[in-house]
Amino acid sequence: MPEARSFETLPAPQPPADLPPLEGHSFHGYRNADGSVGTRNLLAVTTTVQCVAGVLEFAVERIKKELLPQYPNVDGVVGLTHSYGCGVAIDAPDAVIPIRTVRNLASNPNFGGEVMVVSLGCEKLQPERLLPAGSIPIRDQRTGPDVVCLQDEKHVGFMSMIDSILTQAQSHLERLNARQRESCPVSELVVGMQCGGSDAFSGVTANPAVGFATDLLVRAGATVMFSENTEVRDAVDQLTRRAATQEVADAIVHELAWYDAYLARGQADRSANTTPGNKKGGLSNIVEKAMGSIVKSGSGPIHGVIAPGEKVKRKGLIFAATPASDFICGTLQLAAGMNLHVFTTGRGTPYGLAECPVIKVATRNDLARRWHDLMDINAGRIASGEATIEELGWELFQRMLAVASGEKTWAERWGLHNDLVLFNPAPVT
């Protein structure tokens with residue numbers, strides 16, 4: 001592969017005009033005290049360290065069986081488990097990435113501001129370091145988040161730990177259960193766009209339809225994130241040209257240059273991204289993949305950039321600088337505040353998230369036929385002449401509003417979800 005374009009020769013921003021407003025569309029969501037809106041009403045339990053994952057998993061199963069039936073307005077309970085928290089160089093410069101990711105995951109709009117934490121006690125990532133006062137909006141900043149520490153002397157036996165978690169969960173469930181959906185403008189959506197298991201049709205059918213829907217969302221005032229550093233690097237000039245300001249263009253370059261250096265430290269390059277399945281599906285190289293990936297971002301100006309693990313703070317089209325790994329990208333988009341996810345695939349993947357509904361878009365009719373109860377939208381109809389990109393884009397837009405209002409995706413119906421996976425470029429000790 002030739003070298004990717006130098007950052008020194010990029011065109012100055014020549015952003016397209018802002019897209020015309022789109023009015024008259026809404027969804028039914030859950031309003032939060034901090035001004036955000038959830039598309040689901042979930043109890044999330046944050047963890048400070050991987051050591052507590054097994055205990056929390058046991059507790060979550062009991063909550064589902066014993067408590068959730070009493071709270072019909074609560075959609076579910078999720079444990080925000082991860083592989084971080086101890087045995088790591090927690091003061092290394094890059095450690096800020098996994099720490100802020102876990103912190104911001106706790107305040108995802110789908111969790112209603114109810115922050116509950118399970119800690120072991122001896123870990124490096126102590127609760128007060130993870131969630132210092134004022135770091136995220138919680139129900140009562142005076143008392144801070146509810147913390148169950150498994151090493152507390154009051155716990156005598158395993159069931160004592162489990163009972164403490166269930167007792168703490170009950171008060172959160174009561175408050176969540178009192179919430180009701182209400183009409184919200186499309187501008188309250190924070191949508192993450194992603195592709196995985198891509199093939200040669202990804203950039204021909206599904207991703208262009210997603211791009212059209214991205215434009216509709218931005219026109220309606222929503223926040224839309226596109227990501228995947230290695231899948232945009234070869235078309236960086238397209239991104240800087242579309243940057244709304246020079247500051248946005250500089251931020252794009254800063255994030256992609258950092259990622260170039262990160263790959264170089266591991267003696268890897270962007271071409272390592274392309275998988276055997278991508279190639280079997282007709283994607284010859286990472287440049288082709290980049291062309292198809294960027295189409296998901298639509299045609300409008302890029303309004304902002306966020307680094308890995310950061311929370312998005314403005315509306316419009318945002319480049320969220322994440323690795324291309326499906327699981328890491330999804331986790332970072334959740335931390336950014338995503339309340340709805342769109343995921344395109346050509347080879348097929350059962351990918352899903354417990355924390356957020358995922359709308360799956362198939363690139364080909366054959367995949368949609370074979371995986372009829374896993375794919376939510378069939379963009380293959382574009383290739384077969386049964387629908388246009390614009391028609392599929394509008395169909396996806398309307399499906400997003402329905403799912404944001406409570407309609408379940410196939411992944412939700414089956415209970416399919418992937419683990420949260422943190423991006424940790426810092427050393428492990």
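Residues are classed here as buried under 20% relative accessible area, exposed over 50%, and partly exposed in between, with a 1.4 Å probe and protein chains only. The model is predicted, so that local features need pLDDT of at least 70 and side-chain atom pairs count only at pLDDT 80 or more, whereas totals for chains, interfaces and linings use all residues. Residues are numbered from 1 along each chain as its sequence is written, and side-chain values use heavy atoms, with hydrogens and water left out.

Most residues other than glycine have a negative phi. Q267, although not a glycine, has a positive phi of about 55° and lies in the loop between α7 (246–265) and α8 (276–280); helices (H or I, at least four residues) and strands (E, at least two) are DSSP runs numbered from the N terminus. Q267 is exposed, with a relative accessible area of 78%. E228 likewise has a positive phi, of about 70°, and is not a glycine. The loop between β9 (223–226) and α6 (236–242) holds E228, and this residue is buried, at a relative accessible area of 0%.

Strand pairing was assigned where DSSP finds at least two bridges between two strands. An open, antiparallel sheet is formed by 3 strands in the order β2-β1-β7. Each of β2 (37–38) and β7 (182–185) stands at an edge with a single partner strand, so one side of each is left without a neighbour in the sheet. Strand β1 (residues 26–31) is joined to β7 by 4 bridges, and H28 has S183 as its bridge partner in β7.

Strand β13 (residues 358–362) is mostly covered, with 5 of its 5 residues buried. V358, K360 and A362 lie on one side of β13, and I359 and V361 on the other. Parallel pairing links β13 to strand β12 (residues 340–345) through 5 bridges, and F343 stands opposite K360. Strand β14 (residues 377–378) also pairs with β13 in the parallel sense, over 2 bridges, with V361 opposite I377.

Nonpolar cores were defined as sets of buried Ala, Val, Leu, Ile, Met, Phe, Trp, Tyr and Cys residues joined through side-chain atoms within 4.5 Å. The largest nonpolar core has 51 residues, of which L189, L217, L396 and M400 touch the most other members. Not counting residues up to four places away in sequence, L396 touches V210, A213, V342, I359, V361 and I377, contact being heavy atoms within 4.5 Å. A second, separate core of 40 residues includes V88, V102, M338 and L353.

Grid points are joined across faces, edges and corners, and a volume is the space filled by probe spheres set on the points. The largest pocket has a volume of about 790 Å³. Its lining comprises 32 residues, with K64, V77, V78, A354 and H417 nearest the centre. The structure also holds 2 cavities of 30 Å³ or more. The second largest cavity, of about 40 Å³, is lined by N229, T230, R233, L256, Y259, D260, L263 and R270.

Notes: On a 1 Å grid over the protein atoms alone, a cavity is a set of points where a 1.4 Å probe fits but cannot get out, and a pocket is an open set with protein on both sides within 12 Å along at least five of seven lines; lining residues have an atom within 4 Å of a point.
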